Amino acid sequence: MEEHIPPAKQPNLRVESQAVSQTKTSKPAGSRWRWFWILVLVLACVGGWYTWSKGGLTPAAAGSAPPKTGKKGGGTVPVVAVRAHKGSIGVYINGLGNITPIYTDMLKSRVDGELMSVHFKEGDVVQKGDLLIEIDPRPYQVALEQAEGQKVRDEAILENAKVDLDRYAGLLKQNAVNEQQWATQKALVDQTIGIVKTDQGVIDADKLNLVYCKITASITGRVGLRLVDPGNIVHAADTNPMLVITQVQPISAIFTVAEDDLPRVLRKLAAGQHLQVEAYDRNSVEKLSTGNLETVDNQIDPTTGTLRFRANFDNSSNLLFPNQFVNLRLLLEEKGGVVLVNSAVIQRYNNIFVWVVTENKTVTARTVTLGVTEGDNTEITSGLQPGDVVVMTGVDKLAEGVSVSVAMADETGGGKSGGKKK
């Protein structure tokens, strides 16, 4: 007798068989991907070990100190080198400042009147005492004549009063007049003397006003733009000046220096030294003038921690202009007989070193100690001797012991000189 499976059970069997089939087919695919990534990782490790063993990492790429062994037998590396030498280098303090005139004269009228004439051109350099502006003097000339006439009248009255006083004095001795009349006359004489002195004061004031009608330069300097024109009425109470004169030769610069540098400067000044100051343009490229430190301010600005210095310049070249922004360099001392190299040879990684070219035309890394840096030159306090050849360009391909072909740089002009070193 055949056994039949009920129809309701048959779909379940098909579902289970499909699930088993999918499981069997998915396992091999996952295993293949896992082995693929293991193989990629192994190849990456082998490649990294090979690169490291051949010295392919430079100090810049490795981010560490220069390698101890380099790639040899792969040909020479062309480099440009300079020679360490003895020389002098300055110790400077840098500051920012503005050019400030030592004297500035804002000319105003001291009398009221019409401006008659102007005896200067805008931008002229005028000398002290030069006539610049004339104001109408006629009203003050008339006033002077009136005062002088009043004085003559009062002097005549005074002379008459003195004659009467002498007469009263003689009559008083003869008891012809009483003493009160003599005293009254004496008081009249004294009063008239006071009136004459007042007249003289008025005369002096009118003469002074006539002097004020001619405005002269009180300092030698450059005249700015004219602020009034002939025909204008000017007043002694005007707040705006008629013109401004600024002294440009000599001229000064006000600049700030950090308070930490102040003790070194004060020690030099206390020893009576005259410190030199150099003025450069905004980009610190062009040297504009050389002067001397004049004075130091009396207090430190607590908000910035700086102190203001004043330096004076003769400005014979007229390159310094009032309110001009400049970079100032205060020379503290000049160090002589030190070892100097071009700053481009200095390499910085975990330490500070240079690539030195040996006698057999290979390079070796040598740790150095730096001193003062000034412009393109750096002082080496230890690690180099005068005459040592150090690499300036081409360091990215160097490693310890690598052979190089050297072209010496012109240390004064920055270009190459002499070709390859033999």
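**Entry 1: strand 4.** I looked up strand 4 (residues 113-118), which pairs with strand 9 (residues 233-234) in the antiparallel sense over 2 bridges. Strands here are DSSP runs of E, at least two residues long, and helices are runs of H or I, at least four, numbered from the N terminus. Two strands count as paired if DSSP finds at least two bridges between them. E114 sits opposite I233 of strand 9. Strand 4 also pairs with strand 6, again antiparallel, over 3 bridges. There, S117 faces E134.

**Entry 2: ground rules.** I note that the model is predicted: local features need pLDDT of at least 70, side-chain atom pairs count only at pLDDT 80 or more, and totals for chains, interfaces and linings use all residues. Residues are numbered from 1 along each chain as its sequence is written, and side-chain values use heavy atoms, with hydrogens and water left out.

**Entry 3: cores.** I checked the largest nonpolar core and found 24 residues. Such a core is a set of buried Ala, Val, Leu, Ile, Met, Phe, Trp, Tyr and Cys residues joined through side-chain atoms within 4.5 Å. Buried means under 20% relative accessible area (1.4 Å probe, protein chains only). L132 and I245 are among the residues with the most contacts inside this core. Strand 6 (131-135), helix 3 (138-173), helix 4 (179-212) and strand 10 (243-246) each supply at least two of its residues. A second, separate core has 22 residues, including I93 and L288.

**Entry 4: whole protein.** I counted 5 helices and 23 strands. Of the 422 residues, 33% are buried.

Notes
Buried means under 20% relative accessible area, exposed over 50%, partly exposed in between (1.4 Å probe, protein chains only).
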